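Here are some exercises to work through with the structure on your screen. Try each task yourself before you read its solution.

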Amino acid sequence: MAEDVSKAWLVSQPDSQVRLQYLISHDTASIGRATDNDVVLQGPDAATVSLHHLVIQREECGFRVRDLGSTNGTFVDGERVTEAELRKPAVIRLGAQGPELSLVFEEPSPLSTLDSTQIVETTVVAAAAAADATPCAVAGTYDGLLSEAIARARAARSQGRANQTMTIMRDALHEALRHTGRRSRIIIIAMAASLLAVSAVAAWKIKELNGQKHAIDERIQEIENKLQKSTPAEAVPLVQQLDTYQGQAEQLQRNLLYRIEPHPHDLVTDEIRRIMEEFGSEVYSVPPELVERVKYYIDLYEGPQRALIDKTLSAAAEFNSVREQLEQEHLPPDLAYVSLVESALGNGQSAAGAAGLWQFTSVTAKAYGLQVDSKVDERLDVNKSTHAACRYLRDLILDFGSGSSVMLALAAYNGGPGKVKQAVMKTVQDPIKQRNFWYLYRTHSLPLETREYVPKVLAAIIVGRRHQRVSFSS
């Protein structure tokens with residue numbers, strides 16, 4: 001690149017639901033769904049984005065993109081790449097159908113939607129007007145403070161930390177007071193008055209958004225309650241209504257002013273949502289019935305079965321080996337908890353003849369390359385059986401398509417792909433909109449054993465994560 005690349009921005013496409021303007025201020029910029037990335041992409045339009053998807057590296061004469069082993073791949077100007085130089089104009093897509101980001105070298109125009117950074121900029125305009133009445137040296141001092149506040153607010157916004165805007169402005173005012181003399185009080189008064197004014201506007205808008213969100217959530221809860229008592233035929237229009245309200249709620253939640261204020265949450269529901277995000281199956285409303293069953297199994301794992309679960313998760317080397325194999329196969333590593341639910345990492349044999357860590361039947365084991373005969377049973381080999389399980393889970397996920405395919409794969413792992421497909425064929429009228437786990441769960445179309453199996457796995461993941469954070473204690 002011949003042009004100046006000292007500054008570059010990642011910018012989302014105008015029609016994208018993922019709205020982003022990010023200044024690449026360091027030598028590297030990582031992008032993914034996990035919150036430890038420099039650029040965090042989340043929400044329904046980021047379903048194809050991996051937890052750690054790609055990194056952009058600054059070079060002497062430009063930039064280079066490197067894929068981080070993402071599940072759905074990185075595309076530059078329409079071509080899938082593992083690593084590539086970024087030439088102007090470069091368009092980066094995360095997944096074949098995922099969000100697109102452009103790399104630009106001229107500062108983009110501010111995002112058009114009213115957000116928390118514009119509150120800062122509104123304050124700056126009023127303060128700048130007041131600065132005209134002050135001596136040049138004083139005005140220059142405050143111009144620097146205000147410019148720094150804008151830059152900090154923009155950086156916070158681009159990284160999803162919109163709730164820091166008011167803190168940034170208070171810091172700017174505090175710093176301004178340190179430089180205050182009698183002649184410069186007018187600009188401090190103007191800044192404070194402007195901050196109060198825009199804070200009042202923001203507070204009013206936040207209250208309005210909270211009211212809208214509360215009304216939508218109440219309607220969603222009503223529909224969820226009706227779905228628990230409905231027949232499959234009655235469920236179809238209810239699910240359609242639910243989808244509409246969920247879309248409205250998700251759009252409202254993306255408003256940065258809504259995100260400024262903390263909101264009450266159910267901890268288990270939040271954990272389930274986080275798991276869904278990592279599975280690439282983001283969901284707004286989790287069926288209350290499923291949440292109740294997950295809570296039931298959490299109580300079971302942390303109560304009567306606590307000693308077994310604690311002992312199993314304490315075998316860190318073996319369990320971590322399973323997680324690593326899943327990750328190497330570009331599968332969610334938390335699918336390792338399937339083995340915990342299946343066998344508690346043991347090698348026992350079930351009454352149905354399933355054996356080993358992943359409780360394979362001999363037919364399935366042989367189909368995935370394991371030797372099972374009178375002399376050798378490779379279902380009992382942790383590494384070989386995990387390798388076979390990775391292939392089986394991958395096939396199930398690919399078989400059931402995108403969206404909630406991981407959840408359908410879990411259902412199929414327990415009940416067999418045939419039973420899940422029968423449920424789909426029997427229930428689904430619209431193969432595009434209704435071919436997903438949540439629809440089948442809400443319409444009670446899956447066998448009872450399978451409906452219970454998925455909450456067991458989700459509960460195991462939640463308990464396992466708690467175990468990683470803190471040891472079980474009385």
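Two residues are in contact when they have heavy atoms within 4.5 Å. Helices (H or I, at least four residues) and strands (E, at least two) are DSSP runs, numbered from the N terminus. This is a predicted model, in which local features need pLDDT of at least 70 and side-chain atom pairs count only at pLDDT 80 or more, while totals for chains, interfaces and linings use all residues. Residues are numbered from 1 along each chain as its sequence is written, and side-chain values use heavy atoms, with hydrogens and water left out.

**Exercise 1. Find the residues of helix 7 and helix 8 that meet, and describe how the two helices pack.**

Step 1: Locate helix 7 at residues 267-278 and helix 8 at residues 288-301.

Step 2: Look for the contacts. Val 268, Thr 269 and Ile 272 of helix 7 meet Leu 290, Val 291, Val 294, Lys 295 and Ile 298 of helix 8.

Step 3: Sort these residues by class. The contact of helix 7 with helix 8 has six nonpolar residues, one polar and one charged. (Ala, Val, Leu, Ile, Met, Phe, Trp, Tyr, Cys and Pro count as nonpolar, Asp, Glu, Lys and Arg as charged, and the others, Gly among them, as polar.)

Step 4: Read the geometry. The angle is about 100°, and the axes are 10 Å apart. Axes are lines fitted to C-alpha atoms, for helices over the stretch in contact, and angles run from 0 to 180 degrees between N-to-C directions.

Step 5: Name the arrangement. Angles under 35 degrees count as roughly parallel, over 145 as roughly antiparallel, 65 to 115 as roughly perpendicular and the rest as oblique. Helix 7 is therefore roughly perpendicular to helix 8.

**Exercise 2. Where does His 330 lie, and is His 330 buried, partly exposed or exposed? Compare Gln 359.**

Step 1: Start with the background. Most residues other than glycine have a negative phi.

Step 2: His 330 has a positive phi, near 60°. His 330 sits in the loop between helix 10 (316-328) and helix 11 (337-343), and with a relative accessible area of 37% His 330 is partly exposed.

Step 3: Gln 359 also has a positive phi, near 50°. Gln 359 belongs to the loop between helix 11 and helix 12 (362-367). With a relative accessible area of 16%, Gln 359 is buried.

**Exercise 3. Which residues does Glu 85 touch, not counting residues up to four places away in sequence?**

Step 1: Find Glu 85 in strand 9 (residues 83-86).

Step 2: Leaving out those sequence neighbours, Glu 85 touches Phe 63 and Arg 64.

Technical notes. Buried means under 20% relative accessible area, exposed over 50%, partly exposed in between (1.4 Å probe, protein chains only).
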